[in-house]
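Please look at the sequence and the structure first, then read the notes below.

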Amino acid sequence: MQANMDRRGIKSNQKWYLSRNGNSYLLRNEANNLYMNLSGSGFSNERNINAVAMANSRSLFNFFTYGGYYFLQPNGGGNYVLDLYGGNNMAYRDNIQIYGASGGVNQAWKLVKVTTPSPQPQPKP
């Protein structure tokens, strides 16, 4: 399964829970409980991001802030960051991969804290 962007709006498959693991983070998808993961071995341009049931060392990411946005770097990934394939071309914006950091908007991610409403007490019968 590849990590894809849905242009129609925020769906549960676009929500990821972050959990700290040492100095890095794991990202778990709300819809299917799979972890974001860098496919294959090594680091190179256009290596796809996929989702796996069991987190591993390729599921760890680091966050760097810039101008209110974040760049997500695979742990140990050097200059590579998450990249929305196709750059600014809307026709191709459906696959997430890694690519050498360029500072482009297709590499900048906005994190939004999602609050879950507290359960309301149920009246006793």
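Strand β7 is largely enclosed by the rest of the structure, because four of its five residues are buried; buried means under 20% relative accessible area, exposed means over 50% and partly exposed lies in between, with a 1.4 Å probe and protein chains only. Strands here are DSSP runs of type E with at least two residues, numbered from the N terminus. The model is predicted, so local features need pLDDT of at least 70 and side-chain atom pairs count only at pLDDT 80 or more, while totals for chains, interfaces and linings use all residues. Residues are numbered from 1 along each chain as its sequence is written, and side-chain values use heavy atoms, with hydrogens and water left out.

**Strand pairing**

- β7 and β8 are antiparallel and share five bridges; strands count as paired if DSSP finds at least two bridges between them.
- In this pair, Leu82 is opposite Ile98 of β8.
- β5 and β6 are also antiparallel, joined by six bridges.
- Tyr66 has Tyr69 of β6 as its bridge partner.
- Two residues separate β5 from β6 in a hairpin, and Gly67 in the turn has a positive phi of about 60 degrees.

**Nonpolar core**

- The largest nonpolar core has 11 residues, among them Leu27, Phe61, Leu72, Leu82 and Ile98; such a core is a set of buried Ala, Val, Leu, Ile, Met, Phe, Trp, Tyr and Cys residues joined through side-chain atoms within 4.5 Å.
- Two or more residues of this core come from each of β3, β5 (61–66), β7 (80–84) and β8 (96–100).
- In soluble globular proteins, nonpolar side chains tend to be buried together.
- Leu27 is in contact with residues including Trp16, Met36, Phe61, Phe63 and Leu72, leaving aside neighbours within four places in sequence; contact means heavy atoms within 4.5 Å.

**A buried glutamine**

- Gln73 belongs to strand β6, which covers residues 69–74.
- Gln73 counts as buried because its relative accessibility is 12%.
- Not counting residues up to four places away in sequence, Gln73 touches residues including Leu60, Phe64, Asn79 and Tyr80.

**Positive phi in loops**

- Most residues other than glycine have a negative phi.
- Asn33 has a positive phi, near 60 degrees, and sits in the loop between β2 (24–29) and β3 (35–38).
- Asn33 is partly exposed, at 44% relative accessible area.
- Glu46 has a positive phi near 70 degrees and lies in the loop between β3 and β4 (47–52).
- With 48% relative accessibility, Glu46 is partly exposed.
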